[in-house]
Amino acid sequence: MQAQTLKGFRDFLPTDMAPRQAMVRRIEVVFETHGFSPLQTPALEYLETLTGKYGDEGDKLLYRFTDHGDRQVALRYDLTVPLARVVAQHRAQLQLPFRRYQIAPVWRADKPQRGRYREFVQCDADICGADSALADAEVLVAGLSVLRSLGVEQAQMHLNHRDILFGILRLCNVPHHPAQIACIRAIDKLDKLTPAAVVEEIVQQADLPADQAQAVVAAFAAGWPLSHWQQQALDAADLPMQAAIERVAAVINLVTAAGLDRWLAFDCSIARGLDYYTGIIYETRLTDPKVASMGAVMSGGRYDGLIGLFGKEKIPAVGISVGLDRLFAALYELGLVRTDSAQVPIYATVLQPELAGAVLILVQGLRDHGWRAEIDTLGGKVGKQFERAAKRGARLALVLGPDEQAAGTVVVKDLRQSTQQSVAQTQLAAVVAAILRPQ
RNA sequence: GUGGAUGUAGCUCAGCUGGUAGAGCGCGGGAUUGUGGAUCCCGAUGUCGAGGGUUCAAGCCCCUUCAUCCACCCCA
């Protein structure tokens with residue numbers, strides 16, 4: 001039989017898994033300190049729970065099948081729709097606003113490529129039951145704090161609002177919905193294609209005359225500040241657009257107050273594909289050229305209509321999703337990941353099988369103090385055992401032979417400095433602490 | 001779903017116009033049996049992704065298939 005993983009699926013060996021886990025723990029801490037509580041939901045959902053929430057493309061990418069009881073099921077595609085289901089289903093037990101975080105794998109039957117996998121982990125934080133600008137800002141603050149806590153400096157969060165998008169299109173006299181959607185799709189590519197190519201795409205996909213398509217691209221590509229659109233919305237008496245602009249401005253002010261605005265920028269060309277977004281939307285990319293092609297690492301938005309699809313009550317919600325795998329891959333390429341966390345700092349050798357028990361007693365004593373310690377389980381020559389100790393990345397090796405045992409001592413060898421000392425067994429923990437945790 | 005590239009020892013790769021496989025790293029053993037990461041010596045390893053075809057002969061040519069990577073679509 002051939003040992004192999006499925007296309008787009010991966011194993012994580014300890015050298016990768018240990019730092020990954022460390023990263024997850026950091027994110028958990030950030031979310032928890034921001035007042036979000038953990039939630040877990042099943043990997044599998046009823047197919048109908050998931051279909052129709054992500055748009056046609058999303059529906060195609062659902063991993064779906066029929067289970068043994070002839071039920072149509074699907075692996076979750078994201079964490080947001082299951083959250084909406086949970087809020088509707090357990091409405092009575094939840095106090096609103098409900099702030100939850102969830103760090104879990106999701107599955108998409110996509111074609112794998114750089115920074116894209118079929119199984120990947122999302123780290124979501126959402127607030128359900130609050131439609132305020134402060135709720136939007138809280139979620140952004142949590143997400144940006146994650147980046148800060150991971151040491152990411154070169155990133156840019158692009159902020160936009162669905163109603164600004166549609167408002168600009170109305171200003172350009174593109175009132176029909178299908179044409180608007182086509183325009184938005186094309187506009188979203190402004191960062192990849194030339195303006196002329198985007199014009200061409202609009203002409204083709206939205207069926208607009210060339211001069212109008214040109215006007216649309218010009219409007220979006222100019223990089224106008226929020227104030228420009230505010231004036232435009234006022235002049236056109238476009239109330240939804242005015243409200244959207246006020247909302248975005250309010251959110252930016254709040255994030256600025258939190259001291260996290262250095263990553264933030266209004267960008268009217270951000271579109272977001274997932275169908276359920278209704279308000280503010282955002283997308284974060286890393287700006288270091290080495291990893292910029294990796295795609296968005298953190299995005300989300302407001303989805304006030306989604307929870308209502310699962311019950312009679314309409315509950316507004318806003319959330320953010322951190323892409324753990326992309327972020328990890330990027331940090332790895334940027335050299336910001338320490339790969340030594342899979343190693344063990346203390347390695348106890350066993351010179352004679354009869355002394356294994358005595359060694360184990362010492363090792364257990366260290367473990368009780370919280371030290372990560374490994375005992376050699378293969379035996380053989382001391383030289384070999386030291387070699388294994390070094391390969392495990394151990395800083396200290398313990399040696400306990402008959403002489404030491406008789407004297408109630410143990411040899412502590414510093415593998416990095418090639419020095420060693422004989423210490424009383426009762427002093428072992430103190431000596432280890434002095435070496436591994438100076439000061 | 002569309003297009004492009006690649007697939008040779010555990011890893012990174014070499015292999016000239018077809019003549020039955022190499023290097024580095026790594027790995028295993030050793031240098032008077034209670035001290036490693038340096039050095040030196042010795043050693044093993046591959047149905048050359050898989051299947052078929054052309055040929056006296058294929059890792060190298062042709063077809064098929066699978067896998068991986070990259071781009072598009074979409075997205076984390």
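A237 sits in the loop between helix 10 (226-235) and helix 11 (239-257); helices (H or I, at least four residues) and strands (E, at least two) are DSSP runs numbered from the N terminus. The model is a predicted one, in which local features need pLDDT of at least 70, side-chain atom pairs count only at pLDDT 80 or more, and totals for chains, interfaces and linings use all residues. Residues are numbered from 1 along each chain as its sequence is written, chains are lettered from A and ligands numbered from 1 in the order in which they are written, and side-chain values use heavy atoms, with hydrogens and water left out.

Although A237 is not a glycine, its phi is positive, at about 55°. A237 counts as exposed at 56% relative accessibility (buried is under 20% relative accessible area, exposed over 50%, partly exposed in between, with a 1.4 Å probe and protein chains only). S418, another residue other than glycine, also has a positive phi, near 55°. S418 belongs to the loop between strand 15 and strand 16 (419-424) and is exposed, with a relative accessible area of 59%. Then there is the cis peptide bond between L96 and P97, with omega at about -5°; P97 lies in the loop between helix 4 (80-89) and strand 5 (98-107).

Helix 13 (residues 356-368) has 13 residues and should span 18 Å at 1.5 Å a residue, which agrees with the 18 Å between its end C-alpha atoms; the expected span is 1.5 Å times one less than the number of residues. A358, V359, L362, V363 and L366 are its buried residues. These cover an arc of only 135° around the axis, which puts them on the same side of helix 13; the arc is that of the directions from the helix axis to the C-beta atoms. An α-helix has 3.6 residues a turn, so residues three or four places apart point the same way. I361 and D368, on the other side of helix 13, are exposed. The cover over the buried residues of helix 13 includes strand 12 (346-348), strand 14 (396-399) and helix 16 (428-436), where contact means heavy atoms within 4.5 Å. Just after helix 13, G370 takes a positive phi of about 95°.
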